Amino acid sequence: MSKIYDVIGIGVGPYNLGLAALLEDTELDAVFFEKTPEFVWHPGMLIERMDLQVPFLADLATFADPKSRFTFMNYLYEKDRMFPFFFHQHFQIPRQEYNDYLQWAADQISTIRFGHTVVDVIDQKDHYQVVAEETATGEKVYVKAKHVVMGTGNEPLVLDGMDGFPNEDVMHSSRYLFEKDHLLKAKHVTVVGSGQSALEIFLDLLEEQERQDMKVTLFTRTGGLFQLDQAKFAQEMFTPGYVDYFHQLSLDQRKEALDTLKPLRKGIDPDTLTQLYTKLYHRTAGGENARILIQPMTEVNDIEADEDGYLLHCRQWQEEHDYTYSTEKVVLATGYKPHIPDWFMDRFQDAIEWEEEGMYKVSRDYHLQFKDEREHHFFTLTNLVHSHGAGATNLGLSVHRNVHIINTIAGRTVYKNQEDTSFQQFSMKHFN
């Protein structure tokens, strides 16, 4: 009989990489499949001068095991960067360094098989059979596991009518660095988006904007350039205690809660806003032309090619005013959507419980709720905001999530779950 692993991971981004790191020194047998030939994290957005938005403690392992060899502090030690980091005195770290840290960890983990795309998962009633295709040869590998963890991440979100143009002209923000040389040769670049990525790209273009005949525009749908809420008590919404509370709410209550938490999820890092304002203030000293346009409250509804570049069909929604705007290049910082593989819907759509279209039902321990009772679980790290709240995409809480998954698979406490994690309490159900 062929070997049955305890768990197979599908996809290796930061979340499943953290799971692989925590499993590396346990008795649990695991294997992880990743389609790319090596680990790389958002290569098109590794802009110089930009920091990660969460502190360095939100690494792969610290919240589960500060003594782990996969912590960021051990990375610094191994890379002889302890003293520079100490003198740097910043909780946030450069994105390039975070990517290098993840690559360093991936190189040490024995269970990851890069260059393998999972093309099917078959439910065998007491285990799963995972089919992976090797990119280089096309050869298929068949592996069995008691449990699987789907970490297929997100994919670029491009609205209808905004795709199909040449990549060097109209691109999603995920391709920014790959197309940056084309952008810097243009006379007019328009960035469309309201979040952190849009501001980082806009600021980076301003830093590189050397020609006097180059203009940069930013269209945002939000009412203004509002900063991320980083207040101490607001951050307690990213604690395990709040996840416990959020998960037991009804779907309607969860949706309402997500609306109230938008400043925690959709805002822009205050340091980025400060850098942008400072850049513009210095540039306009002495009455100099800033060569920019920042226009909030604007929706871009369509893109049309013309002889000079592209026409953006826009609407200033507060004034209810429609207009067209001419530009040469467009960067769509329009966010991402969960990537759910076709094989998942083919195999499991009718077997699992759904709360609403596109929102599958997920247990507190992150496994899908099947219509039948089972002990072999299908865990997901993807598409969890509706079930586990704003913290579902938070790097710090990803370790907490992996602890839940590992302990559930092992049937015992392998790693301690943090308790009493906030000064606020959220539920009153235990009071009479």
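The following exercises, each with a worked solution, concern the predicted model shown above.

Residues are numbered from 1 along each chain as its sequence is written, and side-chain values use heavy atoms, with hydrogens and water left out. Because the model is predicted, local features need pLDDT of at least 70 and side-chain atom pairs count only at pLDDT 80 or more, while totals for chains, interfaces and linings use all residues.

**Exercise 1. Determine whether Phe-32 is buried or exposed, and state which residues it touches.**

Solution. Begin with the location: Phe-32 lies in strand E2 (residues 30-34), where a strand is a DSSP run of E with at least two residues, numbered from the N terminus. Next, apply the cut-offs: buried means under 20% relative accessible area, exposed over 50%, and partly exposed in between (1.4 Å probe, protein chains only). Phe-32 has a relative accessible area of 0%, so it is buried. Finally, list the contacts (heavy atoms within 4.5 Å). Leaving aside residues up to four places away in sequence, Phe-32 touches Gly-9, Val-12, Asn-16, Leu-19, Ala-20, Leu-23, Thr-111, Ile-112 and Arg-113.

**Exercise 2. Describe the surroundings of Gln-209.**

Solution. Gln-209 is found in the loop between H6 and strand E10 (215-219). With a relative accessible area of 5%, Gln-209 is buried. Its contacts, not counting residues up to four places away in sequence, are Met-214, Lys-215, Val-216, Arg-283, Arg-291 and Ile-292.

**Exercise 3. State which residues touch the most other members of the largest nonpolar core.**

Solution. A nonpolar core is a set of buried Ala, Val, Leu, Ile, Met, Phe, Trp, Tyr and Cys residues joined through side-chain atoms within 4.5 Å. The largest such core has 85 residues, and those touching the most other members are Ile-8, Leu-17, Val-121, Trp-343, Phe-344, Phe-348 and Phe-378. Helix H14 (residues 395-410) supplies the largest share of this core, seven residues. A second, separate core has 25 residues, including Met-50 and Ile-268.

Conventions:
Helices (H or I, at least four residues) and strands (E, at least two) are DSSP runs, numbered from the N terminus.
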